[in-house]
Amino acid sequence: MNRIVALWRDTRHLWVLLILVVGIGAVALMARARMVPESYGETGPYRARARDEIAAKPSVLIADATCLECHADVGEERAESLHKAVRCFHCHGVGHEHVALARKAAENPDLSVPPAAEWDGNFRTDIDLYVTEDRATCLACHQAVVGMPEDFKKINVAEHLENMGASETESRETCFECHAGHDTAP
Amino acid sequence: MSEIPFVFPNDVHPPWSIMIVLYPYITGLVAGAFVVSALYHVFHREALKPVARLALVTSLCFCAFATLPLLLHLHRPERCFNVLVTPSVTSAIAGFGFIYSAYMLVLVVEVWLVFRPAIVEQANSLTGAKALFYRVLALGVTDITDRSRAIDSRLIRVLAIMGIPIACVLHGYVGFLFGAVKANPWWSTALMPVIFLISAIVSGIAALILLYQFISWRRGETADRECVGALARYLWMFLVLAASLEGLELLQMAYEAGGEWPILRALLTEHLAVSYGLVQVLIGSLVPLLLLLTSFTRRLPARLVMFSSGLASLLILVQVFAMRWNVVVGGQLFSKSFRGFVEFPLHWMSREGLLAAAVILTLPLAALWVAGKILPIWQPAEAGTLADAR
């Protein structure tokens with residue numbers, strides 16, 4: 001009996017420590033039970049219900065259909081073009097302000113919609129709507145790089161411009177001497 | 001062929017800031033300092049006795065702040081517990097959360113057991129609020145018997161043994177976080193965890209040499225030559241390993257000359273020329289390797305050995321920081337198109353800026369200062385602990 005008492009006396013601090021660690025662990029587990037959201041993990045490591053909630057939100061993306069309400073001619077130009085797969089905002093910016101203004105202008109003939117701005121050459125630009133008659137826009141997709149699909153139209157710029165006899169090889173608009181952006185036919 | 005650099009849109013902005021450089025740097029110091037304390041507690045390297053306690057507390061202080069850079073990097077830091085509450089088995093950082101927690105537990109318990117005799121002594125000798133503080137630290141148990149000391153010493157040794165693999169995994173895992181990014185050829189190598197681990201040990205030993213020398217100087221004492229010499233020799237050995245592994249990895253990449261090599265060569269020769277070639281290799285590795293050779297002979301004056309070890313340690317701490325920088329920042333400087341480079345934005349006054357980084361680096365040192373006020377870290381070879389147990 002004395003040995004047990006002595007052992008208790010010599011290891012008391014360790015038992016206190018153990019109780020503390022187990023206690024903290026238990027509190028953490030209880031906290032976890034409260035923190036794990038309902039429907040978590042049903043379909044993967046996320047809240048399953050989040051998908052429906054997100055899907056129910058209105059889209060903030062300006063879809064091509066919105067642009068084509070006014071720019072039907074572009075839709076016709078692109079109808080047979082390979083570029084029909086490219087979304088308007090890819091080359092012209094998100095256009096939130098532009099669409100909002102256009103909608104207001106449709107109701108109030110006194111309002112005018114300013115023309116698209118000149119692009120500053122930076123794809124991270126915050127210009128709402130811009131005109132991108134710039135070689136960098138085209139080359140963002142068409143510059144030949146290793147690993148591009150065989151049937152994708154890719155070019156070596158210097159070679160291509162020389163072969164085609166381009167006059168302004170350094171010009172930003174050089175691509176548009178021969179190509180239209182919407183219709184891909186040469 | 002390319003007139004304009006081709007940079008993928010998701011490469012334009014390097015997402016990982018200097019905070020992600022600090023994270024492996026601080027974690028490395030944790031692991032390295034712990035290895036030194038284990039060399040004393042487990043492998044009985046008596047020469048390291050003067051820094052054994054310092055190493056343990058240094059490890060704890062740096063560990064307490066190891067995740068702070070990550071929290072500052074997160075835009076929603078309050079979500080940090082999500083990786084623990086709802087861990088994904090395929091999430092690398094979730095794994096780190098558990099390894100870090102396990103290591104922290106082992107470290108806190110070991111430090112508590114090592115300092116328990118001193119805590120109990122303070123609890124019994126002081127009065128008022130101070131006594132209460134130490135009584136709380138002692139978890140209310142303010143008596144110590146010889147047998148309980150012996151039990152504690154055995155437990156300290158068990159924890160130190162357990163801590164070695166956990167510390168190795170902790171920092172090896174940080175290397176794994178980078179090594180597992182297969183889209184990035186500058187990171188994706190199986191050697192990355194090993195390189196991180198060895199350089200972590202290097203940085204930890206270097207930090208301890210500097211701390212020990214600084215504290216000795218502040219206390220008006222002379223640092224123990226045997227201790228500094230032993231640390232310097234360990235440092236030299238681990239530095240040889242680290243520099244060799246880093247060099248061999250680069251040599252293999254260069255000799256294989258795979259599709260990624262042209263961009264990596266341009267990265268090293270143009271964008272990281274100073275931080276890699278000059279700082280990491282020349283000033284941070286070769287010079288310290290030569291300086292540390294002074295610790296291998298007894299013929300040189302003690303002051304020279306102390307000075308060269310201290311200088312080498314300082315250079316090594318800069319080198320390891322440069323190594324983390326070169327890995328983290330270097331890996332984001334080139335586009336995954338392998339065709340273009342981007343700029344790395346660095347600001348003084350932002351949440352992830354240089355000033356915040358400097359503050360984070362001083363916080364563990366401030367914690368160490370506070371710990372020194374509470375616990376007898378600097379007391380020489382007290383009664384209790386290891387020697388008695390053996």
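A residue counts as buried if 20 or more other C-beta atoms lie within 10 Å of its own, as exposed if 12 or fewer do, and as partly exposed in between. The model is predicted.

## Residues with positive phi

Most residues other than glycine have a negative phi. Phe338(B) has a positive phi, near 60 degrees, and is not a glycine. The loop that holds Phe338(B) runs between α13 (330-333) and α14 (354-374) of chain B. Phe338(B) has 18 C-beta neighbours inside 10 Å and therefore counts as partly exposed.

Ala257(B), also not a glycine, has a positive phi of about 50 degrees. Ala257(B) sits in the loop between α9 (225-256) and α10 (261-271) of chain B. Is Ala257(B) buried or exposed? Ala257(B) is exposed, because 11 other C-beta atoms lie within 10 Å.

## Helix packing

In chain B, helix α5 (residues 92-125) packs against helix α7 (residues 146-179), with the axes 8 Å apart and at an angle of about 155 degrees. Angles over 145 degrees count as roughly antiparallel, so α5(B) is roughly antiparallel to α7(B). The crossing of α5(B) and α7(B) is left-handed. Sorted by class, the residues in the contact of α5(B) with α7(B) are 25 nonpolar, two polar and four charged.

A second pair in chain B is formed by helix α8 (residues 192-218) and α9(B), whose axes come within 9 Å and cross at roughly 150 degrees. α8(B) and α9(B) are therefore roughly antiparallel to each other. The crossing of α8(B) and α9(B) is left-handed.

## Nonpolar core

In soluble globular proteins, nonpolar side chains tend to be buried together. The largest nonpolar core in this model has 109 residues. Which residues have the most contacts inside this core? They are Val51(B), Val202(B), Ile205(B), Leu208(B), Leu231(B) and Leu235(B). Helix α1 (residues 18-41) of chain B gives the most to the core, with 18 residues.

How values were computed: Residues numbered from 1 in each chain as written. Chains lettered and ligands numbered in written order. Predicted model: local features only at pLDDT ≥ 70, side-chain atom pairs only at ≥ 80, totals over all residues. Axes fitted to C-alpha atoms, helices over the stretch in contact; angles between N-to-C directions. Helix = DSSP H or I, 4+ residues; strand = E, 2+ residues; numbered from the N terminus. Parallel < 35°, antiparallel > 145°, perpendicular 65-115°, else oblique. Left-handed = near helix turned anticlockwise from the far one by under 90°. Nonpolar A, V, L, I, M, F, W, Y, C, P; charged D, E, K, R; others polar. Core = buried A, V, L, I, M, F, W, Y, C linked by C-beta atoms within 7 Å.
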